Amino acid sequence: MSKGLFITFEGIDGCGKSTQLNLLKDEFTKQDIDFIEVREPGGTAVGEKIRTILLDKANDSMTRMAELLLFEAARAQITEEVIIPALNKGINVICDRFYDSTTAYQGYANKMGTDLTDFLNLKATNETYPDITILLDIDPQTAYTRRAQRGEEDRIEKLGLAYQEKVREGYLELAKGEDRIKVINADNTPEKIFEQIHSYIWDLIS
Ligand code: T5A
């Protein structure tokens, strides 16, 4: 049996990942393609508890190292409990964020260093790599305006536009060295963005 395809979505806060992920889910469902959807941090009972701690804005005293290790703990749990078993059964996995988020947010923007984040990412995932990563690139102000319509900000969103700019730079730097990362301009209509995602993913499926 061939392994499932591991597809991840990445980008700064409010870049439109969930919107595109939903369009992909609809398309997979229409075409009777087997998949599961997961998100990071979260996606397991343990992971959802860690997510609550990470995003709670009352936890503004959280150190950068504690934050990094909590993201990795949630990732270790979902990778072993959900992602690897699904891929081994031939089920495609669509994941809203994976270890590239840690590289961009903690490695680059929080300056923890990518040597450390690369090492922890590999350990937490038992070297499970995405087959394709869709990076939705957008300027932080546009993403902020979109997010603002939704209301309250979480602990990480509260770090502001300059922080999101560093995250964006981190992602773009990372994409330069990784063929699997497809950078897509997310300042477009959802339909136009999805056309490009569709073409990248169907190249792999067919
Ligand atoms: N994090 C996560 C780390 O720091 N390290 C890590 O290792 C990991 C895994 C997760 C937070 O944790 C951080 C990153 C995050 O700060 P989250 O709640 O999952 O928190 O946050 P996000 O992943 O950023 O999810 P959001 O829901 O905030 O944003 P999305 O999914 O990117 O955006 P979406 O699709 O919900 O769209 C946002 C708004 O824009 C509109 C939508 O309708 C919605 O209102 N929209 C568009 N409007 C116009 N044109 C388009 N093309 C649009 N697409 C969407």
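## Helices α2 and α3

At what angle do helix α2 (residues 45-55) and helix α3 (residues 64-88) pack, and how far apart are their axes? In this predicted model, the two helices pack at an angle of about 160°, and their axes lie 9 Å apart. Angles over 145 degrees count as roughly antiparallel, and α2 and α3 are therefore described as roughly antiparallel to each other. The crossing in which α2 passes α3 is left-handed.

Which residues bring α2 and α3 together? On the α2 side they are V46, G47, I50, I53 and L54. These meet E67, L70, F71, A73, A74 and Q77 of α3. Sorted by class, the residues of this contact comprise 8 nonpolar, 2 polar and 1 charged.

The buried residues of α4 are Y99, D100, S101, T102, T103, A104, Y105, Q106, G107 and A109.

What covers these buried residues? The covering elements include the strands β1 (6-10), β4 (132-137) and β5 (181-185), together with the helices α3, α5 (114-125) and α7 (161-176). Just after α4, the residue K111 adopts a positive phi of about 60°.

## The crossing of α4 and α7

Helix α7, one of the elements that cover α4, has an axis that comes within 8 Å of the axis of α4, and the two cross at roughly 120°. The helices α4 and α7 are therefore oblique to each other. Their crossing is right-handed.

From α4, the contact is made by D100, S101, T103, A104, Y105, Y108 and A109. From α7, the residues taking part are Y163, Q164, K166, V167, G170, Y171, E173 and L174. By class, the contact of α4 with α7 has 8 nonpolar, 4 polar and 3 charged residues.

## The nonpolar cores

The largest nonpolar core has 38 residues, and L24 and I197 touch the most other members. When neighbours within four places in sequence are left aside, I197 is in contact with F9, Q20, I134, L136 and I184. A second, separate core consists of 12 residues, among them I83, L87, C95 and Y99. Residue Y99 is also one of the buried residues of α4.

Is I7 buried or exposed? Residue I7 belongs to strand β1, and because its relative accessibility is 0%, I7 counts as buried. Not counting residues up to four places away in sequence, I7 touches L24, F28, V93, I94, C95, I132 and I201. Residue L204 is 197 residues from I7 in sequence, but the C-alpha atoms of the two are 10 Å apart in space.

Residue E27 is found in helix α1 (residues 17-30). At 14% relative accessibility, E27 also counts as buried, because the limit for a buried residue is under 20%. Which residues does E27 touch, if those up to four places away in sequence are not counted? The contacts of E27 are F194, H198 and W202.

Definitions and conventions. Residues are numbered from 1 along each chain as its sequence is written. This is a predicted model: local features need pLDDT of at least 70, side-chain atom pairs count only at pLDDT 80 or more; totals for chains, interfaces and linings use all residues. Side-chain values use heavy atoms; hydrogens and water are left out. Axes are lines fitted to C-alpha atoms, for helices over the stretch in contact, and angles run from 0 to 180 degrees between N-to-C directions. Helices (H or I, at least four residues) and strands (E, at least two) are DSSP runs, numbered from the N terminus. Angles under 35 degrees count as roughly parallel, over 145 as roughly antiparallel, 65 to 115 as roughly perpendicular and the rest as oblique. A crossing is left-handed if the near helix is turned anticlockwise from the far one by less than a right angle, and right-handed if clockwise. Contact means heavy atoms within 4.5 Å. Ala, Val, Leu, Ile, Met, Phe, Trp, Tyr, Cys and Pro count as nonpolar, Asp, Glu, Lys and Arg as charged, and the others, Gly among them, as polar. Buried means under 20% relative accessible area, exposed over 50%, partly exposed in between (1.4 Å probe, protein chains only). A nonpolar core is a set of buried Ala, Val, Leu, Ile, Met, Phe, Trp, Tyr and Cys residues joined through side-chain atoms within 4.5 Å.
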